[in-house]
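Open the viewer and keep the selection tool at hand. This short tour goes stop by stop.

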Amino acid sequence: MNKQFNIADDTITTQITVTNGFFDGGVGTLAGSSLATSSLSATQKSYYYNLQYNSKDHFSVTYGHILGSGSAEESTTVEGTTQAIYKQFFNFTEPSAENLRDGAGWSMIDGTNGANAVTQEGVYILTTERLQMKDRLNPGTWTINLSGSNTAGAAGVSLSLTDDSKTVEAESAPFGPRYHIVEGSAGTVTTAYTTKTYGFFYPDAGLMVFSANALSSSIPGDAEYITSGSDATILNNGLAQDLTVTEATDNASKIRIAIQRGSGITLRSEEQQYVYDYFCRAKASEFNLSQNPTFWSGSTYEIRHSDMVTNPQTFVSEVGLMDVNGDVLAVGRLSSPINKNFSSEAIVKVRLTY
């Protein structure tokens with residue numbers, strides 16, 4: 001037996017936002033040391049590194065330079081890998097057609113010219129795995145701690161970064177809002193972007209673009225090892241850019257090491273879900289008979305039990321939702337059957353969430 005819904009009276013649609021820990025298994029906070037570098041070929045490492053947790057990719061980190069500095073090769077006839085990376089991400093995030101035409105580059109107040117915005121020639125870039133971030137990254141709740149050394153090589157220099165979405169209106173990007181990356185924790189700002197901006201945060205793209213100037217001023221690393229860029233310098237690591245054009249140049253490794261040496265990352269995913277509530281109503285005159293063969297007797301199709309002839313009793317144990325063609329879309333089983341007869345009515349709420 002079935003009954004058609006009155007869409008206006010019997011259905012309610014609600015949109016909700018669900019957040020969860022970004023890392024595998026719903027973990028929200030993870031020590032940097034828990035992130036492992038996945039195996040990549042030498043060619044891939046010249047572009048980026050993948051960081052994994054539980055053997056699953058979670059982040060990719062890379063470095064871009066507007067002029068191609070820090071590449072294995074760069075000349076008037078060969079575009080450096082860092083320049084290709086810089087252009088790719090800038091073209092992806094820049095809303096201004098004029099800036100795209102001119103190849104202007106990201107501009108932010110990085111502290112190198114007072115309160116004036118400066119074009120960022122070098123940037124560190126972090127992207128998140130779509131499977132982990134769901135629809136977007138949850139703004140105003142995340143913290144990334146980076147760790148390294150000062151110019152003398154003394155370790156223990158750390159920097160905590162977050163976004164300013166709780167206090168500053170978002171700027172526009174081609175695919176959603178853009179916030180400033182600033183010093184602070186879990187959306188609480190320590191140093192405002194008008195004083196020093198560490199980068200831009202694009203939650204809908206799961207993307208963070210960091211100012212190399214701002215990061216290197218906070219965690220420069222041992223000056224003697226700036227041009228090495230290899231794991232051998234992990235104890236003296238920093239984020240001062242290596243602008244040499246050689247095979248050994250590896251700025252992407254610097255941000256990787258700074259993350260892995262950091263005290264931890266707190267990050268949450270965000271997902272829009274739609275909740276559909278269907279109120280299945282059985283009025284007093286409805287659903288008092290059953291199509292179950294045990295309910296009937298004989299070829300004349302009479303009610304089997306004589307005491308139910310004038311007062312039939314049914315028990316609702318399942319509710320199914322069907323489309324206009326009568327095809328079953330979903331079935332729900334009640335925790336206990338509901339007794340139904342001509343003296344009672346029943347309402348069963350079916351909830352679908354997706």
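Which are the buried residues of α7? They are N251, A252, S253, K254, I255, R256, I257, A258, I259 and Q260. This is a predicted model. Select residues 251–260 to see helix α7, where 10 of 10 residues are buried.

R256 lies over the face of Y49, at 4.8 Å from the ring centre.

Now look for another charge over a ring. Select R178 and F200. The charged end of R178 sits over the ring of F200, 3.7 Å from the ring's centre.

Next come the aromatic pairs. The whole structure holds 13 of them. For one, select F22 and F59. Their rings are stacked, with 5.3 Å from centre to centre and 20° between the planes. The pair links distant parts of the chain, 37 residues apart. F22 is in the loop between β1 (11–21) and β2 (29–30), and F59 is in strand β5 (residues 56–65). Both F22 and F59 are buried. F22, F23, Y53 and F59 form one aromatic cluster.

Last stop: T82. Find T82 in helix α3 (residues 81–93). Is T82 buried or exposed? T82 counts as buried because its relative accessibility is 4%, and the cut-off for buried is under 20%. What does T82 touch, leaving out residues up to four places away in sequence? Show Y63, G64, H65, G68, S69, G70 and S71: T82 touches these residues.

Definitions and conventions:
Residues are numbered from 1 along each chain as its sequence is written. This is a predicted model: local features need pLDDT of at least 70, side-chain atom pairs count only at pLDDT 80 or more; totals for chains, interfaces and linings use all residues. Side-chain values use heavy atoms; hydrogens and water are left out. Rings of Phe, Tyr and Trp (its six-membered ring) pair if their centres lie within 6.5 Å; planes under 30 degrees apart count as stacked, over 60 as edge-to-face and the rest as tilted. Helices (H or I, at least four residues) and strands (E, at least two) are DSSP runs, numbered from the N terminus. Buried means under 20% relative accessible area, exposed over 50%, partly exposed in between (1.4 Å probe, protein chains only). A charge sits over a ring if NZ of Lys or CZ of Arg is within 6 Å of the ring centre and within 35 degrees of the ring normal. Contact means heavy atoms within 4.5 Å.
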